[in-house]
Amino acid sequence: MAHLDSEVTEECLREDLKFYFMNPCEKFRARQQIPWKMGLQILKIVMVTTQLVRFGLSNQLVVAFKEENTVAFKHLFLRGYSGVDEDEYSCSVYTQEDTYESIFFAISQFHQLRNLSLGTLGYGENEDNRIGLKVCKQHYKKGTMFPSNETLNIDSDIEIDCIHLDLQTLSKNPQDWKNSSFFRLAFYRLLQVEISFHLKGIDLQTIHSRELPDCYIFQNTIIFDNKAHSGKIKIYFDSDANIEECKDLNISGSIQRNTQYVLVFDAFVIVICLASLILCTRSIVLGLRLRKRFLNFFLEKYKRCVCNADQWEFINRWYILVIISDLMSIIGSILKMEIKAKNLTNYDLCSILLGTSTLFVWVGVIRYLGYFQAYNVLILTMQASLPKVLRFCACAGMIYLGYTFCGWIVLGPYHDKFENLNTVAECLFSLVNGDDMYATFAHIQQKSLLVWLFSRLYLYSFISLFIYMILSLFIAIITDSYDTIKKYQQNGFPVTDLQEFLKECGSKEKCQKESSAFLSCICCLRRNGSDDHLMLIN
């Protein structure tokens, strides 16, 4: 009697394992179980992608409004701005007179803003709840300098002096504040002059897209940088735009109704993602329970533990990816609804969440393509080669970092692509892909023959090492994994304990009736008998 119960337990376990590792179409054929998760994932792909496209179009308006205002501010407040930035700064001056005129020009333009600007702009309050300009200058505490005698006596402590110019002060005679002692600059001690002011604006272009407009606060800063004391003062313009809730919006028309429709659509996306999250979490819990049953049975019958590879088969990594995607979609949709209702203004965080979740949703489509043998080769090759590729990249990364630091410290003063670590890494990555090679060689400054010779040795060795050796080995690793998978498909995959257990067919195996022709067409065809040795991807 105990032996019979053991056989029944083993047969039930085998049947549950076989059903667990079936794809949705095979489950329908076996037990007429409708593939809810697959249908829900297909619906979610459509819903999430539609939501992302709508939000992307709205976000484009926000980005365009910020960028266009920054360009307009540069033309308004920078004297002699040509429309194109000089390197990383906007423009530069070379004489004391040009410096004074540039400072006074920015102040005067701020005072006359309402009569000059084409945008919907107004004055905003700064950190001190005051409206106007804040001008600060940094300079060394004291000192004397006589370059002709090579004499320098200076206190390196830095002093910061600030003055606030409100609209009432600017409305007076301009010579009153221009002749102030504050604007008498000792250029040999001067480090920088900073002009900061706040402006408010309303983005009306969203009305054409049937959306509620956003209110902006622009925190503008103009910096006259003289830290190098090289005879050239660099002028930097920075505009940081913050979106705030408009205090009083009264817009007639169909915009409010359109906003309600979008909010309902976002709520439906949340419901779909929540249902997907629950179903995938349930499947993972069932898989863990099934693994526990299999481990206990294997330990009792064979007196040994199951290998780690078989244990990991019960944890479906695709479900984990779907769960992460669902969580990000739910949080992103909530943020989007708050942004749409003008309760929040964090576009960047919402974009990251919705964009990443959509990426994971589309990557998850590979799981369903894996049900077909032709596409399964690609997936199995990626799975087999990934650990080797990661180990190889770790080793190659050490060499890459070495070249990055070396290029930065040696070629940085002579080549604009090697000025900082970030640009060096980007330049070397472009060289690995064969981009912009001639320009990298040609732009090196030939001021030092030793550095020029070193640059040739450096670039030739890097290109030869990474393109002809490391990149070729990288491709060889993937090719070797592909060849291995092809051989396994021809001769059979190595049989694990789990697969051996599943192959032990019970005599009482039941065959369910065939699925409907419609479902077979939209899902996948029945596997051929010669494909039984392939590992099913759940």
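Helices here are DSSP runs of H or I with at least four residues, strands are runs of E with at least two, and both are numbered from the N terminus. This is a predicted model, in which local features need pLDDT of at least 70 and side-chain atom pairs count only at pLDDT 80 or more, while totals for chains, interfaces and linings use all residues. Residues are numbered from 1 along each chain as its sequence is written, and side-chain values use heavy atoms, with hydrogens and water left out.

- At 10% relative accessibility, Gln41 counts as buried; buried means under 20% relative accessible area, exposed means over 50%, and partly exposed lies in between (1.4 Å probe, protein chains only).
- Setting aside neighbours within four places in sequence, Gln41 is in contact with Ser276, Cys280, Val322 and Tyr368, where contact means heavy atoms within 4.5 Å.
- Zooming out, the protein chain has 18 helices and seven strands, and buried residues make up 41% of its 538 residues.
- Of the contacts between residues at least 6 apart in sequence, 72% join residues at least 24 apart.

**Helix H3 beside helix H10**

- The axes of H3 and helix H10 (residues 317-340) come within 12 Å and cross at roughly 40°, which makes H3 oblique to H10.
- Axes are lines fitted to C-alpha atoms, for helices over the stretch in contact, and angles run from 0 to 180 degrees between N-to-C directions.
- Angles under 35 degrees count as roughly parallel, over 145 as roughly antiparallel, 65 to 115 as roughly perpendicular, and the rest as oblique.
- The crossing of H3 and H10 is left-handed, a word used if the near helix is turned anticlockwise from the far one by less than a right angle (clockwise would be right-handed).
- Gln41 turns up again here: the H3 residues that meet H10 include Lys37, Gln41 and Lys44, and Val322 is among their partners in H10.
- The residues of this contact of H3 with H10 divide into four nonpolar, five polar and four charged; Ala, Val, Leu, Ile, Met, Phe, Trp, Tyr, Cys and Pro count as nonpolar, Asp, Glu, Lys and Arg as charged, and the others, Gly among them, as polar.

**Helix H3 beside helix H11**

- Helix H3 (residues 36-77) and helix H11 (residues 347-363) have axes that come within 10 Å and cross at roughly 150°, so H3 is roughly antiparallel to H11.
- H3 passes H11 in a left-handed crossing.
- The H3 side of the contact includes Ile45, Leu52 and Val62, and the H11 side includes Cys350, Leu354 and Trp362.
- By class, this contact of H3 with H11 has ten nonpolar, six polar and one charged residues.

**Aromatic rings**

- The model has 26 aromatic pairs, counting rings of Phe, Tyr and Trp (its six-membered ring) with centres within 6.5 Å; planes under 30 degrees apart are stacked, over 60 edge-to-face, and the rest tilted.
- Phe77 and Phe197 have ring centres 4.8 Å apart and planes at 55°, so the pair is tilted.
- This pair links distant parts of the chain, with Phe77 in helix H3 and Phe197 in strand E5 (residues 190-203), 120 residues apart.
- Phe77 is buried, with a relative accessible area of 1%, and Phe197 is buried with a value of 1%.
- Phe182 and Phe183 form an edge-to-face pair, 5.3 Å centre to centre with 90° between the planes.
- One aromatic cluster includes Phe65, Phe73, Phe77 and Phe197.
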